[in-house]
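Please find below a note on the model under review. The points proceed from the overall fold to individual residues.

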Amino acid sequence: MKMEHRSAAQRPAILVARRIFPSTLQRLRQHFEVEANDADEEWSPPQLIERLQGKAGVLLTGTQRVDAALLAACPQLRIAANMTVGYNNFDLAAMDAAGVVGTNTPDVLTETTADFGMALLLAAARRVTESERFLRAGQWTRWTVDLFAGAEVHATTLGILGMGRIGQAIARRAAHGFGMRVLYHNRRRLDPAIEADCRATWVDKGTLLREADHLMLVLPYTPANHHIIGAAELAQMKPSAVLVNLARGGIVDDAALAQALREGRLAAAGLDVFEGEPNVHPGLLEVPNVVLTPHIASATLRTRQAMADLAADNLIGYLLHGRALTPVNHPPQPRA
């Protein structure tokens, strides 16, 4: 008997922890008993645990933590499906021990996020938002030769820290579209064929920091990557450099970055993610030479719909057929 033909009492129950697209929710309701957070409330960990009672699966947006305490309190939970490519909200060791699968949404947001990375770089280097604020405030009264003169992007050197799918997509845009020299640093060097396609050259981290005219951060958050760009790293960069972070908050020491921008030791920054977001370090709000966006690198309707659909596909695939499409872990003994 197929799961979708079972009575309501026999169908697995799932929780959708944040508001998602109605079409995705409707598809999930064809297979599961769904409790949805239509009000889009941000639940505390105890509130999330309360709503997960009796649930076999949960669709998350990456901000809700799945750890040992939650897993112990929710013994029927079998899968946690993130609607994000990142999964630093998962305690993978605890999930493996509990037999719970975690999934993410790779690939579907790669090109959209790479577009936004270039947008942030261009906006910061060319002082787009800074000049717009100036104009809107009625301060533009005449043209001058150096009015908001920014930094070149084309034919400069782009450094990429983290060279996964998104980093490679950015490298292709930079090299093929803007004629940039592309340097990258990664834990492992890419295959020579991929390097050739991206026109990218592997260098050590110190060389990357020293030689980059613009530095793009596209690496996952891990404890080892916490503040991987801090005061010491910022001091190695060119004072004329632009830093772009569209990876994860916590990768950059935001306080050290704000100080470097304020003191003119870095020309500009473009930030889509922040440590402790949605809170933003007050120092970043006080300096004019930074472009700030509210974690929207993947925010096109088509891409966000694809992310929601892939998270739903993971729930359907695993709970109905025992096979997740994009798992990030493989528990030795999955929960029954």
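**Note on the predicted model**

1. Residues 24 or more positions apart supply 62% of the protein's contacts that have a separation of 6 or more, a contact being a case of heavy atoms within 4.5 Å. The structure is a predicted model, in which local features need pLDDT of at least 70, side-chain atom pairs count only at pLDDT 80 or more, and totals for chains, interfaces and linings use all residues. Residues are numbered from 1 along each chain as its sequence is written, and side-chain values use heavy atoms, with hydrogens and water left out.

2. Confidence is expressed as pLDDT (the predictor's confidence in each residue, from 0 to 100). The protein averages 96, and 97% of the residues score at least 70. Over residues 1-5, however, pLDDT stays under 50, and the model has 10 contacts beyond four places in sequence for them.

3. The protein contains 13 helices and 12 strands, assigned as DSSP runs numbered from the N terminus (helices: H or I, at least four residues; strands: E, at least two). Its radius of gyration is 22 Å, close to the 20 Å given by the globule rule for 336 residues, so the protein is as compact as a globular protein of that length. The radius is taken over C-alpha atoms, and the rule is 2.2 Å times the number of residues to the power 0.38.

4. Of the 336 residues, 49% count as buried; buried means under 20% relative accessible area, exposed over 50%, and partly exposed in between (1.4 Å probe, protein chains only).

5. Helix H1 (residues 22-29) has Thr24, Leu25 and Leu28 as its buried residues. Viewed down the axis of H1, these fall within an arc of 100°, so they line one face of the helix; the arc is that of the directions from the helix axis to the C-beta atoms. Pro22 and Gln26 are exposed on the face turned away from the buried side of H1. The cover over the buried residues of H1 includes strands S1 (13-16), S2 (33-36) and S3 (57-60), and helix H13 (301-321).

6. Glu35 belongs to strand S2. Beyond four places in sequence, Glu35 touches Ile14, Leu15, Val16, Arg51 and Lys55.

7. Cys74 counts as buried at 1% relative accessibility, and Cys198 counts as buried at 0%. A search of the whole structure finds 0 disulfides, a disulfide being a pair of cysteine sulfur atoms within 2.5 Å.
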